[in-house]
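Please look over the sequence and the model shown below. The report after them goes from the whole chain to selected elements and residues.

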Amino acid sequence: MTEGLPVRTFRRSLRFSWRRAGDAGKCLFLVPEAGVPCGVRDYTSKLVSSLRRQPLGEAYEEVPVAPHGIGSAARRIVHADTIVFSFPLLAWSRTVLLPIVLVLLGAATRRRIVLFLHEWSDLHPLRRAAYLPFVALCRTIIMLSPTVKAGFQSDPVVKWARSKCRLALHAPAVLRPATRESSSHVEQVQKFARGSDVVIGYFGSIYRRKEPAALLEVCRYLRRNQVRASVLFVGGFTNSIDGYESRFLQTVRAMGLEDAVFVTGYVESTPELFAILECADVFLYLFPEGLTTRRSSVLTSVEAGRPVLVPDPACAAEVAHHPGYCALIRDCAVQLIPREATLPQIADAVVAAARRGPTARPVDFEAWWELAAASVSSVLGSGADSFGGARQPGAAAKPQGPVRPGASRPQRRIRNRLSSTRLE
């Protein structure tokens with residue numbers, strides 16, 4: 001029985017795609033076409049823009065995908081070399097079948113699949129389960145933190161994939177603007193801040209694993225010790241299935257801090273965002289794992305020019321691979337507090353940092369992104385022998401220059417500017 005024309009055409013397209021798999025071609029970063037505001041989506045867009053500014057940058061493309069446009073995305077996938085999926089992207093969770101269809105297509109046509117994981121252990125088990133097909137089908141998993149990498153590699157469900165993990169460098173998600181925007185929202189926050197001796201700032205999504213409620217304890221302690229403290233949460237609650245928002249607000253009421261807590265919700269305008277961030281006197285993050293190099297909230301707070309307090313990293317090698325974070329700590333833009341610090345000790349550190357005043361030390365945005373892009377292109381280009389693959393714990397990373405996806409060796413080196421950059 002002879003094959004029909006559609007079957008023969010499909011088989012020819014697969015043979016054509018397989019022949020192209022080893023060629024130097026496109027690297028596609030697939031993202032949802034539209035969705036709720038998402039830090040991972042913003043990071044992906046800035047990463048692709050930075051990659052495209054490097055030599056051979058035309059190989060990298062960000063591809064927005066919509067359910068009605070899956071045919072166009074499929075054609076681009078079968079003509080590319082590398083397909084990159086970034087998680088957790090909030091918009092993907094609403095169309096979970098779409099990325100699964102795309103990853104199956106990539107696997108069927110023998111594309112090189114790369115998974116960019118910003119979190120793992122902190123994710124809800126159901127969300128981790130949804131990512132298992134991508135873990136199974138990908139060749140490489142890129143992460144931005146040794147702590148996230150260690151959490152993934154120690155998970156018995158995915159320990160078989162631990163050899164796929166590679167490290168890359170993080171970079172700030174928001175560029176500090178030259179101007180500030182006044183609005184009724186900004187004026188409302190400014191009025192709130194004027195009624196306090198110390199405004200403790202927090203930036204980013206509000207969810208349980210970031211321990212935002214711990215800041216309420218610090219605020220209450222200071223108020224009981226005659227310091228008019230308040231907490232400014234610049235951001236909004238995530239749509240979680242654990243009902244954290246209602247429990248958090250109940251905690252605020254139970255502590256009697258209704259007048260001492262301000263939650264802004266999502267702020268879209270960057271000039272307005274920084275006008276609000278600068279109402280804080282000090283930023284405090286009491287992450288259970290301490291400082292990790294994946295936290296965009298820490299970098300944005302540094303860019304706002306205010307002292308940032310974070311517990312020591314749980315992983316001893318957490319910042320050693322990232323010269324930018326090492327510089328922030330060395331220059332006291334980020335101050336580490338002991339993980340075992342008591343509530344009074346944390347409160348004292350907050351007051352002391354607030355009294356020191358603004359740091360006015362913004363991050364060198366371009367230098368951070370140049371090095372981050374080089375580290376990612378090195379992973380994408382060198383496969384198993386990639387950045388961070390066999391490095392000893394604590395050794396400083398030396399990202400290679402940009403390479404075309406699928407190439408075996410980097411084309412050039414770039415000078416590490418972050419470790420010597422003055423954060424002025």
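## Basis of the values

This is a predicted model, in which local features need pLDDT of at least 70 and side-chain atom pairs count only at pLDDT 80 or more, while totals for chains, interfaces and linings use all residues. Residues are numbered from 1 along each chain as its sequence is written, and side-chain values use heavy atoms, with hydrogens and water left out.

## Overall make-up

The protein has 14 helices and 12 strands. Helices (H or I, at least four residues) and strands (E, at least two) are DSSP runs, numbered from the N terminus.

Of the 424 residues in the protein, 54% are buried. Buried means under 20% relative accessible area, exposed means over 50%, and partly exposed lies in between (1.4 Å probe, protein chains only). The accessible surface comes to about 18,800 Å², and carbon and sulfur atoms hold 52% of that area. Accessible areas come from the Shrake-Rupley method with a 1.4 Å probe; for residues, only the protein chains shown count as cover. Among contacts in the protein with a separation of 6 or more, 81% are between residues 24 or more positions apart. Contact means heavy atoms within 4.5 Å.

## The six-stranded sheet

Six strands form an open sheet with parallel pairing, in the order β2-β1-β3-β4-β5-β6. β2 (60–65) and β6 (165–167) are at the edges; each has a single partner strand, so one side of each is left without a neighbour in the sheet. From one strand to the next, the twist averages 30°. Angles run from 0 to 180 degrees between N-to-C directions, and axes are lines fitted to C-alpha atoms, for helices over the stretch in contact.

Two strands pair if DSSP finds at least two bridges between them. Strand β1 (residues 27–32) runs parallel to strand β3 (residues 82–87), and four bridges join them. Phe 29 has Val 84 as its bridge partner in β3.

## Helix α6 and Gly 151

Helix α6 lies across β4 (112–117), β5 (140–143) and β6, and runs at about 170° to β6. Gly 151 is in this helix, which spans residues 146–153.

Is Gly 151 buried or exposed? Gly 151 counts as buried because its relative accessibility is 14%. Leaving out residues up to four places away in sequence, Gly 151 touches Trp 120 and Ser 121. Trp 120 is 31 residues from Gly 151 in sequence, and the C-alpha to C-alpha distance is 6.9 Å.

Strand β8 (residues 229–234) has six of its six residues buried. Ala 229, Val 231 and Phe 233 point one way, whereas Ser 230, Leu 232 and Val 234 point the other way. In a regular strand the side chains alternate between the two faces of the sheet.

Strand β7 (residues 198–203) runs parallel to β8 and is joined to β8 by six bridges. The chain passes from β7 through helix α8 (residues 213–224) to β8 in a right-handed β-α-β crossover. Right-handed means that, with the strands pointing away from the viewer, the path from the first strand over the helix to the second runs clockwise. Strand β9 (residues 261–263) also pairs with β8 in the parallel sense, over three bridges. Leu 232 stands opposite Gly 201 and has Phe 262 as its bridge partner in β9.

## Arg 228

Arg 228 is in the loop between α8 and β8. Arg 228 counts as partly exposed because its relative accessibility is 46%. Beyond its neighbours within four places in sequence, Arg 228 contacts Gly 195, Ser 196, Asp 197 and Val 198.

His 170 is found in the loop between β6 and α7 (184–194). His 170 is buried, with a relative accessible area of 1%. The His 170 side chain reaches the backbone oxygen of Arg 294 at 3.1 Å, and a polar contact of 3.0 Å links the side chains of His 170 and Ser 296. A polar contact is a pair of N or O atoms within 3.5 Å; within protein, one must be able to donate a hydrogen and the other to accept it, and residues adjacent in sequence count only if both atoms are side-chain atoms.

Not counting residues up to four places away in sequence, the residues that His 170 touches include Tyr 43, His 322, Tyr 325 and Trp 368. Tyr 325 is one of the buried residues of helix α12 (residues 323–330), along with Pro 323, Gly 324, Ala 327 and Leu 328. Just after α12, Cys 332 takes a positive phi of about 65°.
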